[in-house]
Amino acid sequence: MTVFHFFNCAILTFGPHAVYYSATPLSEYDTIGTSVKAAIVYLGTTLVKLICLATFLKVPENDSFDPYQELLKALIGFIDVAGLYFALTQLIHRNISQNHKFQAVGLGWAFADSVLHRLAPLWVGARGLEFTWEYIFQGIEANANLVLNLSLAALGSLMWLRKNKPKTLIPIIYACAGVLATMPSITSYLRRALGWHPPKVVAFELASSLVMAFISWQLFAACQRPSI
Amino acid sequence: MAGRWRGGGGGGEVVGSIYSVLALVLILVACVELGDAATAVDVYRLIQYDLSGAPYGSRLAGLNHHAGAAPFAPGADLSRTVVILPVRELNLTFLQEYITSKQPLGGLLLLLPQDIRHKSAGGNKSRNVGLLRSLLSELEQLLIHVNLPYPVYFAYEDDKINAVLADVRRGDATGQPATATTGGYKLVVSTPEPRKASSPTITNIQGWLPGLVGDGTTQLPTIAVVASYDTFGAAPALSVGSDSNGSGVVALLEIARLFSRLYSSPKTRGRYNLLFGLTSGGPYNYNGTMKWLRSFDQRLRESIEYAVCLNSVGSWNNELWLHVSKPPENVYIKQVYESFSEVANELGVTVGIKHKKINISNPRVAWEHEQFSRVRVTAVTLSELSVAPELLQSTGGLYDTRHIVDETAIHRSIKLVAESLARHIYGCEGKNIQIFADNSSLAVNPSYVKSWLDLLSRTPRVAPFLSKNDPIISALKKELSDHTDEVHLQHESIDGMFSFYDSTQATLNIYQVASVTFDLLLLLALGSYLILLFSFLVITTRGLDDLINMFRRPPSRKAKAA
C-alpha cells in the first residue's frame, strides 16, 4: 500500500514533465538532447549555488526568518538565472527553433530540479507506513515549479535571444523575469516568516505560477506578432 | 514514455548513463532503514513464562495491526485490531470476559496512568490512587495467570498517545472500526520472536559482621538479617518493587550500616555474629533463600540463633506483623516477639504476631522465614502484610512504585529492628536505653535511606532478566562490602518449575496510515489530471485534429518523426 502511495506521488511529481514532453511538439523535433544538456547545466548551477550558500550563509540555529540571510539567499538564487542564460545562449543546440528551445531548456531544468530535490525525500518518506499530505503537496509543488521554470525560460529567451522586440515591453519583461527569479524566496518568506501552512503555500505557488505563466505567454505572443 | 525517451537520438548515451546513476542512487537509498514514525513510544511487554511446562502470559511480541479503542460493538471481530485500554477507565469484567472466552485479539495495549510513576500532589487524589492500586493489582493477577496468544504491552499515558487514542475513538464513533480500507492508526512493534532465557541465574549476596570472640568461647551465636531483593510483575521492565521488597533491602542496608559502626570498635562489638543476606528468587517460593541455606555447613546453620526476614516494610501506618511458623508459645519465638513489641511500644506502634504452620509436602513457601524453619532454624518475617501472599502476589508489580512507599515507615521499621537486635545483643532487654536514638551519631540516616530507595525504585529487578554481574547486583555487593566483611556472591539457577522468555521492552511505532481506497482515488484523480493535461497541451500546441489522429493511427506520428 505504501509503495502504491509512493507510486502515486511519483506520478504527480514527475508525470507532468513526461506528459509535457510527449504532448507538445518537443517530442516531434527530438529535443531530448537539449533538455538533458539543460539538466546538466542545472546540476552545475546547483553545485555553484551550494558552494555559495555554504560560503556566505550562517547555519540557522532555529527555523526563524532572518531578513538579511534571506536577502543573501535570494541574491544567490539569481545564480539560477545565470545558469539559465548559459543554457539558453551558450549551449550549441541542434538546429531547433527558439520556440522549442526555451521549452526544452525549461523542461530539462524543471525535471532536474524535481529529481534533485524531491526524489530522495519521496523515496524515503512516501514508502513509510506513516501517511502525510506532505508528498502530495510536494508533487503539486513540482507542477507549479515546472510552469514557473517554463515561464522563466520563455522570458529568458525573449530577453536574450530575440532581438526585435517592442521597446515598450522590455521593462515589463525584465520585471516579470525578476519576479519569477525571486519566487522561491517569496515562498520561503511566506512559509517561514508568516508561518503559512503547506496547503496555503502550495496553493499560492500554484496560483502565482499560473498567473506568471499567463503573463509570460501574453508577452511572448506580443513579441511574436511583429516578427510574423 | 521511457522507451520514447531512450530513443532520443544524440542524447541517448547521456540518458543511459543518467539512468544507471539513478538506479545506483535508488539502490543505495533503498538500503536506508525506514524509521520515520510519527510517534514512537516505549512499551513494556507482559511477562511470558512457563510454569511446569504450562504457558502463561503474553505469548507473542511482534505487533502490526490497526488500533481500536473500547467500546466495541458486540461480536465485533477484533482479531486484527490492537485494543488500546487506558487502565484509568478499565472495565475489568470486560477484559476478564474477553480473556476467559478466549476471543482472539490482534494485540492489547494497556495505558498506565502517569500517577503511578510520579508522586501525585493533593489529598483528594489519594483515594483515587488507592482505587487504582487495587485495580492494578487485580489486573496484574488476571494477566499473569492466563495464557494470552497475542502480544500484550504496557505503556505510560502521555500527550502523544492520548492524542492517538482520542483520534481512534473519534474514528470509531463516526464509522466502523479501522481496517486497511478506512485508514486510521497502525501500531507496529518490530521485535524478534521472544526466546527462552537460557538457564536464568539467581544471585544471593551475603556479608558478615563478626562478633568479639571472648576468652573461653570458640563459636559465637549468629543473628541473620535477610531480605529478598528481586521482584516479579506483569511487566518485568516495570517491576521495580519499591515496597516489595525494596523497602526490606533498604532497611537491611541501613541496619548493616548502623551495626558496622558499632562493630568497628572493640568496645562496642557485640558477642554475636551478624549475618546479612540479600537473597534472590523471592517470588519463586524463596528459591534463592533455600539454596543459600543449603550452602551453609551444619555448624553454621546450628549457630544461627534466629533470623529476621524483612518483607514489605515501607507503607504501613501503625501495625506490623511478625509472621512465624512455630507456635507463639515457643520460647525462642516468644523471646524475639517480646523484644520487638517492647521497642514497638516505645515507638508508639504495634507489632502483632501471626502463626502459620508450614506444610512440608506443599511446595508453596509464602514467607521467607519458612525456608529457615524447614531447616530448623528459628526465624520470623517482619512485614506489613497481615496474610500470606499467594504465589506471584505482592512481589513488586505494576503499582508498587516509589510513591506508595512512605519513608517514615521505613525509618520506624529500621529503628524497630535495629533497636530490638541491639538490645538482644547487648543484653539490655527491659532497660529503657535507646541505642539508635535520633540526632545521635547512631541515628538512622534519612538521606541514605532515600537515595537507596530511589535507586531501587528505578531499577527493575526480575531475577531471570538480571545477569550475574548486573549493575544493581554489583551496587548491592559493593554497598554491603562497605559495611560488612567476607561479602560474597552465590550464583544459583532457578529450579526447573519456571522458565522465562526475553524481550521485555520494545519501541512501539504509531503510524497514521491512509486507506487503500484513498490511494486508488488519488491514482484515478492523477490519471485523469495527466490525461487532461496531455489533451490540453496537444490541443493548444498542435490542434484538435492531431489529438484525434493520435488515437486513430498511433504509429503515424512516429513515422512522421523519423
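**Exercise 1. A hairpin and its neighbour**

Work out how many bridges join strand β2 (residues 48-51) of chain B to strand β3 (residues 54-58) of chain B, and in which sense the two strands run.

*Solution.* This is a predicted model, in which local features need pLDDT of at least 70 and side-chain atom pairs count only at pLDDT 80 or more, whereas totals for chains, interfaces and linings use all residues. Residues are numbered from 1 along each chain as its sequence is written, while chains are lettered from A and ligands numbered from 1 in the order in which they are written.

Step 1. Helices (H or I, at least four residues) and strands (E, at least two) are DSSP runs numbered from the N terminus, and two strands pair if DSSP finds at least two bridges between them. Strands β2(B) and β3(B) are joined by four bridges and run antiparallel.

Step 2. Within this pairing, B:D50 has B:P55 in β3(B) as its bridge partner. Two residues lie between the strands of the hairpin, and B:S52 takes a positive phi near 50° there.

Step 3. Strand β2(B) also pairs with strand β18 (residues 498-500) of chain B, again in the antiparallel sense, over three bridges, and in β18(B) the residue opposite B:D50 is B:S499.

**Exercise 2. The barrel**

In which order do the seven strands of the barrel in chain B close?

*Solution.* Step 1. The order is β1-β8-β6-β5-β4-β9-β19, with mixed pairing. The average twist from one strand to the next is 35°, where axes are lines fitted to C-alpha atoms, for helices over the stretch in contact, and angles run from 0 to 180 degrees between N-to-C directions.

Step 2. As one example of a pair, β4 (residues 63-69) and β9 (residues 184-189) of chain B run antiparallel and are joined by four bridges, with B:H66 opposite B:K186.

Step 3. Helix α5 (residues 159-174) of chain B lies across β1, β4, β5, β6, β8, β9 and β19 of that chain, and runs at about 65° to β4(B).

**Exercise 3. The open sheet**

Which strands stand at the edges of the open sheet of chain B, and why is one side of each left without a neighbour?

*Solution.* Step 1. The eight strands follow the order β15-β14-β16-β13-β11-β12-β10-β17, with mixed pairing.

Step 2. The edge strands are β15 (350-355) and β17 (485-493) of chain B, and because each has a single partner strand, one side of each has no neighbour in the sheet. The twist from one strand to the next averages 20°.

Step 3. Inside this order, β11 (residues 222-228) and β12 (residues 273-279) of chain B run parallel and are joined by seven bridges, and B:A224 stands opposite B:L275.

**Exercise 4. Two residues of chain B**

Decide whether B:T289 is buried or exposed, and do likewise for B:S295.

*Solution.* Step 1. A residue is buried if 20 or more other C-beta atoms lie within 10 Å of its own, exposed if 12 or fewer, and partly exposed in between, with C-beta atoms placed from the backbone.

Step 2. B:T289, in helix α7 of chain B, has 28 other C-beta atoms within 10 Å and is therefore buried. Counting as contacts those residues whose C-beta atoms, placed from the backbone, lie within 7 Å, and leaving out residues up to four places away in sequence, B:T289 touches B:V226, B:S228, B:T279, B:E368 and B:Q371.

Step 3. B:S295 is found in the loop between α7 (287-294) and α8 (298-303) of chain B, and it is exposed because 12 other C-beta atoms lie within 10 Å. Although B:S295 and B:Q490 are 195 residues apart along the chain, their C-alpha atoms are separated by 9.0 Å.

**Exercise 5. Helices of chain A**

What span should the 23 residues of helix α7 (residues 170-192) of chain A have at 1.5 Å a residue?

*Solution.* Step 1. The expected span of a helix is 1.5 Å times one less than its number of residues, so α7(A) should span 33 Å, which agrees with the 33 Å between its end C-alpha atoms.

Step 2. The bend at a residue is the angle between axes fitted to the seven residues ending there and the seven starting there; in α7(A) the bend at A:M183 is about 50°, and the proline A:P184 follows within four residues. The buried residues of α7(A) include A:L180, A:A181 and A:M183.

Step 3. For helix α1 (residues 2-23) of chain A, with 22 residues, the reach from first to last C-alpha is 30 Å, close to the expected 32 Å. A kink of about 45° lies at A:F14, shortly before the proline A:P16.

Definitions and conventions:
Two residues are in contact if their C-beta atoms, placed from the backbone, lie within 7 Å.
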